[in-house]
Amino acid sequence: MGSWDELCILCGACPEGGPHDLLHPEGIDDYARQLADEIDPYNDDLFDTIRNALKYSIPQKTLLFRAEWLPNGMGSRQYCSDVCVALGYFGKDEGTVPRDRDGIPDGRNVQVRRVTDSSSGDFERVLQETVVQNEDVSAGDESAEEDEVSGEESFEASKLDLYSMCAVAHGSPNIWLHERCYHYMQSWIDWQSLPRFIALPSSGEELSFAGELYEIANSRKQTRDSDTTLLPCVDYDGIEATLEQWQDRFAPARRGTKYLARALHEGLQGKDLFPALLKDFRAWMFMRPDIWPKPLEAIDTTATTVFTTLPINPISAIPLIDTLPNELLLLILRELPLPSLLALSSTCRSLRALITEPSFMDCVLKEAILRGSLKWILPVSSYKDEVQSCYESLRLWHPAVSESCQSDGDLIDESDLNALLVSPQLPRIAFVRACWESDSMMNRKRLWGLVKQFEAVWRSYRLHGWEVDRFYPSAEILDTLQIVQ
Ligand SMILES: [Zn+2]
């Protein structure tokens, strides 16, 4: 079938980051009919209006085309860098896994490669970083991709023409993730809460993170799906529907017509319908997850409440939870997902008064961000640029800090960031609400949820080991591998 896309085992996007078209040009008439019928089958004008809008989505294709309606942070080269991480075994024979008898190697000697130039689930090049002395950097090596100065030394990245086979379609047990997804998985799994590995069948030696992930992906009863290339034990929330040989179009991920119907009702037409179409097509799942929201207007730090207060009947019973000491209550409430917290506040007036009291709500949100259900808002320190990017956004929420603190370009560490996050001047309620309205942050939250699903599978693997034994000892094939430092 020529070429095709395969999907990142964590986020479900292809290496380039997902679709860049709404739908296939030849499908516009049928799709417009389907949308019009779903919204109002008796309104003859709807079909034309929707069809005209969809026609605008077809970009003038040039070599490096990018549709002007595609939001920033979405589409090729904007979702992520083109670097992925491949895990597994890469033999001297074209980067394939040395298969032996009827099994695959176990996870004990899994190799980790930074790879690039994807091709139908495989990768054509490996990134290699070497340390060089500073004076050598100015010599201008043609193969240098990036230089990162670090004291007296810098890192020079070069690409090696080495093939890394990961394609599910070729039956490879190797797996790959976007580099960012790899860091998210390492950082967001709560390793403290997982049991030590007790089910290793033979030696009892501990595996690396990559080794365990490789074994998890290959030891499930249901192996990776040959159509979606994803793990059946993980719920990817429908993103896999966008893989139709290639992951080029948003339309297959659509759920309903709520936003389109509302926009049509408001009289919008043509390109003005695009934001609504993208919402119904759930394009936010393909938005890069590291753009922290900026305040739309100057922050009024005196405006603290967004909740209406309701009178409380003094003789009504106080709910039991309301009688707990505040410290204990905070410990419980910080773990609740935000929608559940708000749902709890709607159960009775007494709880509503407690939870929506601005300073208490502020405390709950602060705890939830630092240690609870909103931890996904924090940047991942191991991933380049996240701390800086989050800090720059938070500064804007905090006018006093914005003027007095670090200027652009200064190196930020986590203590600077935490100082901003816990600062009483940060309008936390408004900031969290803005996160909820941000496609980028909602995708970040989605990725956090996926990592938590992997955490549950990881726990089961640590407790019970392989669901199915498909392995032979990897030590048997070590001398047949390509080793890249
Ligand atoms: Zn990914």
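Is glutamine 388 buried, exposed or partly exposed? Glutamine 388 is partly exposed, because 19 other C-beta atoms lie within 10 Å, while a buried residue needs 20 or more. Keep in mind throughout that this is a predicted model.

## Around glutamine 388

Glutamine 388 sits in helix α12, which covers residues 386-396. Glutamate 414 is 26 residues away along the chain, yet the C-alpha atoms of glutamine 388 and glutamate 414 are separated by 9.2 Å.

Glutamate 414 also belongs to the set of residues through which α12 and α14 meet. On the α12 side of that contact are Val387, Cys390, Tyr391, Leu394 and Arg395, and on the α14 side are Glu414, Asp416, Leu417, Leu420 and Leu421. Sorted by class, the contact of α12 with α14 has 7 nonpolar and 3 charged residues, with no polar ones. The crossing of these two helices, α12 and α14, is left-handed.

## The whole protein

Now for a wider view. The protein has 485 residues, and 34% of them are buried. Its secondary structure consists of 16 helices and 8 strands. If you take the contacts between residues at least 6 apart in sequence, 74% of them join residues at least 24 apart.

The table below sets out the helix pairs.

| Helix pair | Residues | Distance between axes | Crossing angle |
|---|---|---|---|
| α1 and α2 | 28-39 and 44-56 | 8 Å | about 135° |
| α12 and α14 | α14: 414-422 | within 10 Å | roughly 30° |
| α11 and α15 | 358-371 and 428-436 | within 9 Å | roughly 55° |

At roughly 55°, α11 and α15 are oblique to each other.

The pair α1 and α2 has a right-handed crossing. From α1, the residues taking part in the contact are Ile28, Asp29, Tyr31, Ala32, Arg33, Leu35, Ala36 and Ile39, and from α2 they are Leu46, Phe47, Ile50, Arg51, Leu54 and Lys55. The contact of α1 with α2 has 10 nonpolar, no polar and 4 charged residues.

For the pair α11 and α15, Met361, Asp362, Leu365 and Lys366 in α11 meet Arg428, Ile429 and Val432 in α15. This contact of α11 with α15 has 4 nonpolar residues, 3 charged residues and no polar ones.

## The nonpolar cores

In soluble globular proteins, nonpolar side chains tend to be buried together. Here, the largest nonpolar core has 75 residues. Which residues have the most contacts inside it? They are Cys8, Leu10, Trp176 and Leu177. Helix α16, residues 439-464, gives the most to this core, with 6 residues.

Leaving out residues up to four places away in sequence, leucine 10 touches Leu177, Cys181, Tyr184, Met185, Leu447 and Leu450.

Some of the partners of leucine 10, including Cys181, Tyr184 and Met185, are buried residues of helix α4 (residues 179-188). Glu179, Arg180 and Tyr182 of α4 are buried as well.

## Two backbone details

Most residues other than glycine have a negative phi, and most peptide bonds are trans. Aspartate 117, in strand β3, has a positive phi of about 60° although it is not a glycine. With 17 C-beta neighbours inside 10 Å, aspartate 117 counts as partly exposed.

Serine 120 lies in the loop between β3 and β4 (122-133). Its phi is positive, about 50°, although serine 120 is not a glycine. Serine 120 is partly exposed, with 16 other C-beta atoms within 10 Å.

How values were computed: Residues are numbered from 1 along each chain as its sequence is written. This is a predicted model: local features need pLDDT of at least 70, side-chain atom pairs count only at pLDDT 80 or more; totals for chains, interfaces and linings use all residues. Axes are lines fitted to C-alpha atoms, for helices over the stretch in contact, and angles run from 0 to 180 degrees between N-to-C directions. Helices (H or I, at least four residues) and strands (E, at least two) are DSSP runs, numbered from the N terminus. A crossing is left-handed if the near helix is turned anticlockwise from the far one by less than a right angle, and right-handed if clockwise. Two residues are in contact if their C-beta atoms, placed from the backbone, lie within 7 Å. Ala, Val, Leu, Ile, Met, Phe, Trp, Tyr, Cys and Pro count as nonpolar, Asp, Glu, Lys and Arg as charged, and the others, Gly among them, as polar. A nonpolar core is a set of buried Ala, Val, Leu, Ile, Met, Phe, Trp, Tyr and Cys residues joined through C-beta atoms within 7 Å. A residue is buried if 20 or more other C-beta atoms lie within 10 Å of its own, exposed if 12 or fewer, and partly exposed in between; C-beta atoms are placed from the backbone. Angles under 35 degrees count as roughly parallel, over 145 as roughly antiparallel, 65 to 115 as roughly perpendicular and the rest as oblique.
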